[in-house]
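Please look over the sequence and the structure shown here before reading on.

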Amino acid sequence: MSKLQSIVKVGIADVKTVKAPDKIRTSGLGSCVGVILYDLDKQVAGLAHIMLPNSRLAKQANKNVYKYADTAIDILIEMLHSVGARKYALKAKLAGGAQMFEFESAHDLIRIGPKNVQAVREKLHDYHITPEAMDVGGNCGRTIEFDPAAGTLKVRTIHKGESII
Amino acid sequence: MIEPNRLSDIQLDVLREAGNIGAGNAATSMSKLMDHKVDMQVPSVHIVPFDEVLEWIGGPDVPVASIMIHIFGDAPGNVYFFLKVNEAESLAKSVTKQPHVQLDNRGTDHFAASAIKETGNILTSSYLSALSDFTGLHMQPSVPAMHIDMAGAILSHALIEVSQMTDYVLIIDTEISYSGFDQRIQGNFLFLPDPKSFSELFKSLGIEENE
């Protein structure tokens with residue numbers, strides 16, 4: 001137990017994995033969704049910070065596959081598999097998907113937060129995964145930190161403090 | 001559409017000048033409102049990957065007070081006015097002439113929150129109206145939205161809008177400051193034009209798209 005515990009930081013439109021005793025964190029989730037997938041027995045977990053629901057929305061020549069729910073979750077699952085997680089044992093926790101601005105309904109990106117949450121759940125459903133816990137929606141930013149040893153997700157907001165799901 | 005990371009020096013200079021005109025007008029409005037001298041820095045233009053945007057504003061989960069307007073019309077985009085929470089409180093004290101103001105919890109102080117929102121409204125609107133006059137483009141503001149929340153959560157709203165097209169964002173940043181009620185207040189205007197607005201902005205200012 002000489003190893004120092006460190007925290008893996010995941011940026012916006014980014015995917016990373018972690019092994020216990022380290023933890024994994026992403027900060028300032030607004031309408032983006034943080035998806036945690038983990039294999040508790042193997043003590044490994046991965047986090048994807050997703051911005052948009054569907055890569056078919058991309059208007060880019062070289063689309064960034066880490067940005068979209070439908071492509072990032074595939075990558076996350078492959079990355080977890082390669083570090084020793086068993087696909088059939090994967091469990092999920094989600095946070096984010098807030099609606100930060102009231103006037104969002106005037107845009108073509110209507111209610112992007114709830115759409116992101118829905119897209120993530122549908123994609124997970126394809127892998128037969130139902131989220132164990134979620135802290136989604138509302139109108140506040142979240143910072144989340146997952147502990148792969150305990151399987152717990154700490155959610156921090158500025159206005160409501162900390163909770164563990 | 002022009003990728004933000006492919007813009008030429010002349011094009012960046014033109015965008016910097018647009019920021020200068022907008023923030024200059026906003027600083028004048030603020031000075032009139034406060035009846036006090038307001039200093040303004042020369043605007044800087046940043047072209048950064050999404051991830052670095054959030055780092056560069058002080059970290060994605062730093063609490064900030066922000067007033068944001070969305071621009072509708074010929075050149076869509078977003079204009080933000082960012083303040084640190086304690087500086088927003090100090091600004092509210094100056095505007096309301098109240099010695100005690102608390103903004104760190106939503107709804108604790110409606111009067112102060114309303115004062116900040118109205119101040120931000122005046123500042124972002126004068127930014128936009130100068131920009132619109134300067135370019136001759138039709139630019140219409142949305143209702144301003146005020147937030148006290150994590151910088152990342154607020155700014156990612158604008159990133160999501162452009163993220164379908166690019167992984168880079170162009171930010172025209174202008175800092176204004178003045179000596180407030182009990183401390184120096186420093187605010188930042190961030191103008192984030194949508195990448196699809198670049199050619200409209202350049203055309204209106206007499207610059208070729210591939211100059």
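## Basis of the description

This is a predicted model, in which local features need pLDDT of at least 70 and side-chain atom pairs count only at pLDDT 80 or more, while totals for chains, interfaces and linings use all residues. Residues are numbered from 1 along each chain as its sequence is written, chains are lettered from A and ligands numbered from 1 in the order in which they are written, and side-chain values use heavy atoms, with hydrogens and water left out.

In chain A, five strands in the order E1-E3-E8-E9-E10 form an open sheet with mixed pairing; strands (E, at least two residues) and helices (H or I, at least four) are DSSP runs numbered from the N terminus, and two strands pair if DSSP finds at least two bridges between them. Strand E1 (7-10) and strand E10 (161-164) of chain A each have a single partner strand, so one side of each is left without a neighbour in the sheet. E1(A) runs parallel to strand E3 (residues 23-29) of chain A, joined by four bridges, and Val10(A) stands opposite Thr26(A) in E3(A).

Another open sheet of five strands in chain A has the order E2-E5-E4-E6-E7, again with mixed pairing. Its edges are strand E2 (14-19) and strand E7 (133-136) of chain A. Strand E6 (residues 91-96) of chain A is joined to E7(A) by four bridges, the two running parallel, and Leu94(A) has Met134(A) in E7(A) as its bridge partner.

## A helix pair in chain B

In chain B, the axes of helix H1 (residues 9-34) and helix H4 (residues 110-135) come within 8 Å and cross at roughly 140 degrees, where axes are lines fitted to C-alpha atoms, for helices over the stretch in contact, and angles run from 0 to 180 degrees between N-to-C directions. That makes H1(B) oblique to H4(B), since angles under 35 degrees count as roughly parallel, over 145 as roughly antiparallel, 65 to 115 as roughly perpendicular and the rest as oblique.

## Where the chains meet

The contact (heavy atoms within 4.5 Å) takes 32 residues from chain B and 34 residues from chain A. Between them the chains bury about 2800 Å², 62% of it on carbon and sulfur atoms; buried area is the accessible area (1.4 Å probe) that two parts lose on being put together, summed over both. On the side of chain B, Met150(B), Ile160(B) and Gln164(B) lose the most area to chain A, together 25% of what that side buries.
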